[in-house]
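Please open the model in a viewer and keep the selection tool at hand.

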Amino acid sequence: MDPCGYLTVNIEPLPHVVIGDTVTLKCNFQTDGNLREIVWFRVTDGGSGKQKIFTYDAMYNTSYSHMEDNRRREDLVYQSTVRLPEVQMEDDGLYECHVGIYDRSSRDKVILASGSITLTVIVPPKSISVVAANSPAPFSRYEAQNFTLVCIVAGAKPAPMVYFKRDGELIDVVPTTQFSSSVGDQSKRPGQGKTRGRSQAGLRSSEVLPSRDLDDTKLRKSLSLPEKEGNPARLGQDGPDSSEEGQAQESESSPEPTTEVIPETVVSREFPRWVQTSDPLYYFQHRQRASGDGTMEVRAMLTWSLNPQLDNEALFSCEVNHPALSMPMQAEVTLAAPKGPKLTMSPSKAKVGDTVRITVQGFKLGPSASEVFPEPMFTWTKVGGPLLDGREEHDGRELVLERVPAELNGSMFRCTAQNPLGSTDTHTRLIVFDNPRLKKGIERFVAINAAISQRSFTLTSMLLLLLSFTCELT
């Protein structure tokens with residue numbers, strides 16, 4: 001037996017602790033000597049500083065109620081515990097337990113020993129969302145285009161593993177190497193080995209169908225009916241009936257293609273002029289960055305060659321695995337082409353000189369199946385000529401017509417809603433009513449002008465006429 005006494009110290013290991021949980025640090029030490037002190041430290045500033053969080057001094061304490069002791073092989077086994085309630089991110093780090101006993105040979109000497117443990121606080125993701133890259137984007141009529149879904153996972157520590165599914169099935173992806181590989185991704189999941197040998201030269205090309213000499217979607221954009229032959233069917237859409245085909249053929253053979261005959265309630269959808277020659281490859285990329293609060297933000301990207309006929313109404317989900325989660329966290333989006341939006345006009349009965357607003361209604365922008373994803377872009381045009389301000393088109397969810405003149409009565413305005421999955425045209429007709437107050441004011445102005453030109457007026461009569469004209473206008 002050591003004449004000075006012996007002392008061994010160890011701290012029980014801990015699993016990762018989820019933020020908000022209560023954790024107990026346990027320091028076990030065995031000695032045959034007399035206890036002098038126990039001190040717990042939290043190491044700070046990267047190891048350069050220590051913060052004392054608990055102290056037991058045997059010289060000033062006679063109660064041992066906070067420690068458990070049992071006699072084993074004539075030695076005393078002690079356990080000192082420190083309880084940390086509702087741990088937070090700042091509690092993450094290194095903790096040390098220092099124990100001192102009296103030296104048997106001299107009461108003035110103290111034998112010291114210590115143990116340490118790292119407390120790792122993990123944080124589940126705070127949010128997950130799926131967005132479309134480069135949105136809003138137009139519909140491509142004549143060639144395939146790449147489409148990218150971006151899954152954004154924020155507020156997690158450590159970085160989570162992110163993967164994509166289509167209609168509930170894990171997507172077989174081709175990993176790319178242009179971003180950091182430190183984030184767990186679905187390219188490392190089992191069953192993905194066969195994709196690694198695939199070519200990464202680019203997405204598979206699509207075959208462009210023979211195009212027309214003229215873009216008939218511009219000549220008769222309000223109809224946009226598919227041709228009788230060679231037109232691929234859209235998902236969930238019936239083909240045009242014989243009467244619509246006859247109307248389309250008659251419109252094509254018209255000697256005045258710039259003249260549009262547009263029904264009041266027409267809603268038309270365009271069809272792509274190309275087909276896929278093979279199934280697309282799905283390319284997976286990811287990147288991560290640290291946030292100011294110590295958590296990570298992960299962006300996982302899935303890119304493929306979009307096929308509107310097959311991808312329309314397809315359900316894509318982004319799922320996240322994290323050690324702080326008892327089950328995967330997910331966000332879903334359903335790809336959908338825009339359908340005919342409802343247009344509302346304010347005021348409902350426009351008069352000459354009013355400011356008219358035509359607004360898109362009934363379009364919900366979001367990830368659920370009843371909403372349009374990705375976000376459509378809206379373009380306004382006037383059938384048969386430029387807009388009131390002279391522009392050929394206007395972008396946005398609302399068209400504002402300032403001080404409409406009587407000449408706009410009966411004009412037709414077209415709203416084109418499009419996203420990469422399709423395009424839809426909706427038309428509305430502007431009816432402009434006479435404005436009696438404005439008409440009276442104009443008549444008085446004409447009378448004043450005539451009186452001035454004939455010089456048949458007095459100063460008093462001219463002021464009265466001007467005052468009444470002003471009142472009419474206001």
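**First stop: the disulfides**

Select Cys-151 and Cys-318, which form a disulfide with their sulfur atoms 1.8 Å apart; a disulfide is here a pair of cysteine sulfur atoms within 2.5 Å. The link of Cys-151 and Cys-318 is left-handed, with -75 degrees about the S-S bond. This pair links distant parts of the chain, 167 residues apart: Cys-151 is in strand β12 (residues 146-156) and Cys-318 in strand β21 (residues 315-321). Strands (E, at least two residues) are DSSP runs, numbered from the N terminus. Cys-151 counts as buried because its relative accessibility is 0%, and Cys-318 is buried with a relative accessible area of 0%. Buried means under 20% relative accessible area, exposed over 50%, and partly exposed in between (1.4 Å probe, protein chains only).

Before moving on, note that this is a predicted model, in which local features need pLDDT of at least 70 and side-chain atom pairs count only at pLDDT 80 or more, whereas totals for chains, interfaces and linings use all residues. Residues are numbered from 1 along each chain as its sequence is written, and side-chain values use heavy atoms, with hydrogens and water left out.

Next, select Cys-27 and Cys-97, a disulfide with its sulfur atoms 2.1 Å apart. The torsion about the S-S bond of Cys-27 and Cys-97 is about -85 degrees, so this disulfide is left-handed. The pair links distant parts of the chain, with Cys-27 in strand β3 (residues 23-31) and Cys-97 in strand β8 (residues 93-102), 70 residues apart. Both Cys-27 and Cys-97 are buried. The count comes to 2 disulfides, and the bonded cysteines, numbered in sequence order, pair as 1-2, 3-4. Select Cys-415 as well: this residue counts as buried because its relative accessibility is 0%.

**Second stop: salt bridges**

The count comes to 11 salt bridges, each a side-chain nitrogen of Lys or Arg within 4 Å of a carboxyl oxygen of Asp or Glu. Select Glu-96 and Lys-50, whose closest N and O atoms are 2.8 Å apart in a salt bridge. Glu-96 lies in strand β8 and Lys-50 in strand β5 (residues 49-57), so the pair ties together parts that are 46 residues apart in sequence. Glu-96 is buried, with a relative accessible area of 14%, whereas Lys-50 is partly exposed at 46% relative accessibility.

Then select Arg-299 and Glu-297, whose side chains meet in a salt bridge (3.2 Å, N to O). Arg-299 is partly exposed, with a relative accessible area of 31%, while Glu-297 counts as buried at 13% relative accessibility.

Select strands β23, β25 and β28, which form an open sheet of 3 strands in the order β23-β25-β28, with antiparallel pairing. Two strands pair if DSSP finds at least two bridges between them. At the edges are β23 (342-346) and β28 (398-401), each pairing on one side only. Strand β25 (residues 356-361) runs antiparallel to β28 and is joined to it by 4 bridges.

Finally, select Arg-357 and Glu-398, a salt bridge with the closest N and O atoms 3.2 Å apart. Arg-357 lies in strand β25 and Glu-398 in strand β28, so the pair ties together parts that are 41 residues apart in sequence. Arg-357 counts as partly exposed at 38% relative accessibility, and Glu-398 counts as partly exposed at 30%.
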